[in-house]
Structure formats: C-alpha cells, structure tokens
Amino acid sequence: MQITLTINDVSHDLDIDPRTSLLDALRHHLGLTGTKKGCDHGQCGACTVLADGRRVNSCLTLACMAERAQITTIEGLGMPGQLSALQQSFLDHDGYQCGYCTPGQICSATAMLDEIAAGWPSHVSEDLESQPRLTHEEIAERMSGNLCRCAAYSNIIDAIAEAAGRRDRREDAV
Ligand code: FES
Ligand code: FES
C-alpha cells in the first residue's frame, strides 16, 4: 500500500507491505537507524519514538497507523552540534554504555517530562491531584518501560533529573 509519513517535519511517500511496523519503515525504508530494534515485541523500549508528542513503541505500531501523526525520532530531537537538553545531559552524565537503548531512553524521557509537566500522576505519585514531584522514584517508575542491558540506570536518572532543571537530585529525592 502507498502511505505518507511525516517524520521529523519531513513528508515521505512509501510503498510498503501493510504489515510493516513503523520501526521497520523508519530503519529499513527511510534509513533512520537512530531508532533501535531490541526485542521487536514491545518489551524493551529501544524503539520508542514520539507520535504527536506521545511516546510509542514503534515495533508495535504499524506504519500505516502513523499516517496522520507527526512522528519524531531521535534524529528529530537533535543532532551533533544542536543537541537537545536531554541529549546533552545524557552525554554529561554518561547515561549510557553501549548506547543501544539510548535513543529510546531519550525519546521516552522527552515525552515523560511533558507528562509530568502536564500533571499526569504515575503509580508512585503521592496523590492524584497535586503536581507530581520529579523524585528518583517518579523517574524510575515512569521510565520503567525502557530497559538498559548495560544497567546505566543510575546515570540515566541523573541525566533526566538535570535536564529537567534539577542540579542535585539527591537534595529533593525521596
Ligand atoms: S524493540 Fe520495540 S519494545 Fe523492544
Ligand atoms: S547503554 Fe547499553 S543497553 Fe543501555
């Protein structure tokens, strides 16, 4: 089938098998290999991209389902010389080892910080009405869909906390 995807503000016409996942469309048809394939089963978060600003697993999303969405990949968040605040913070805090999970972590964290700013509670939020605080526990819970086989979790949380404007997470962390 013929579809048109909008990726990082660029429109792409594709002629693909309707069973093609958004992940495979990005990597194999468009050459956007920043988005990674870990499990291909919705379990690791390596393939996380943003669809209209919301984080989604691109391995569980058919490309044809994404036609009306604005898709943002790690390449659209920032590139060398123009890194996003989160990308720079991951660098500053060594928030990775092999780096394979990192694009998914950063895409997920980008949307996660918007979710907190919008006041969305999580499973560990103190209550359902107050503005969630960006504690270690909140970040860990909200990023629990993104696995890191190198176990760089501690530095990932530091990177996210700093990018969110918290210079010393230990000061406020629960
Ligand atoms: S590759 Fe999509 S969740 Fe693992
Ligand atoms: S940095 Fe290697 S999997 Fe996360």
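In which hand, left or right, does α3 pass α6? In this predicted model, the crossing of α3 over α6 is right-handed. The axes of α3 and helix α6, which spans residues 153-163, come within 8 Å and cross at roughly 135 degrees. Because angles over 145 degrees count as roughly antiparallel and those from 65 to 115 as roughly perpendicular, α3 is oblique to α6.

On the α3 side, the contact is made by Ala85, Leu86, Ser89, Phe90 and Asp92. These residues meet Ile156, Ala159, Ile160, Glu162 and Ala163 of α6. Sorted by class, the contact of α3 with α6 holds seven nonpolar residues, one polar residue and two charged residues.

Helix α3 also contributes to the largest pocket, giving three residues, the largest share of its lining. The space in this pocket amounts to about 250 Å³. Two or more lining residues come from each of α2 (74-77), α3 (85-92) and α4 (102-117). The lining consists of Ile74, Glu75, Gly78, Met79, Pro80, Leu83, Gln87, Phe90, Leu91, Tyr96, Thr102 and Ile106. By class, eight of the lining residues are nonpolar, three are polar and one is charged.

Phe90 belongs to both descriptions: this residue of α3 takes part in the contact with α6 and is among the residues that line the largest pocket.

Definitions and conventions: Residues numbered from 1 in each chain as written. Chains lettered and ligands numbered in written order. Predicted model: local features only at pLDDT ≥ 70, side-chain atom pairs only at ≥ 80, totals over all residues. Heavy atoms only, no water. 1 Å grid on protein atoms, 1.4 Å probe; cavity = no way out; pocket = protein on both sides within 12 Å on 5 of 7 lines; lining within 4 Å. Points joined across faces, edges and corners; volume = space filled by probe spheres on them. Helix = DSSP H or I, 4+ residues; strand = E, 2+ residues; numbered from the N terminus. Nonpolar A, V, L, I, M, F, W, Y, C, P; charged D, E, K, R; others polar. Axes fitted to C-alpha atoms, helices over the stretch in contact; angles between N-to-C directions. Parallel < 35°, antiparallel > 145°, perpendicular 65-115°, else oblique. Left-handed = near helix turned anticlockwise from the far one by under 90°. Contact = heavy atoms within 4.5 Å.
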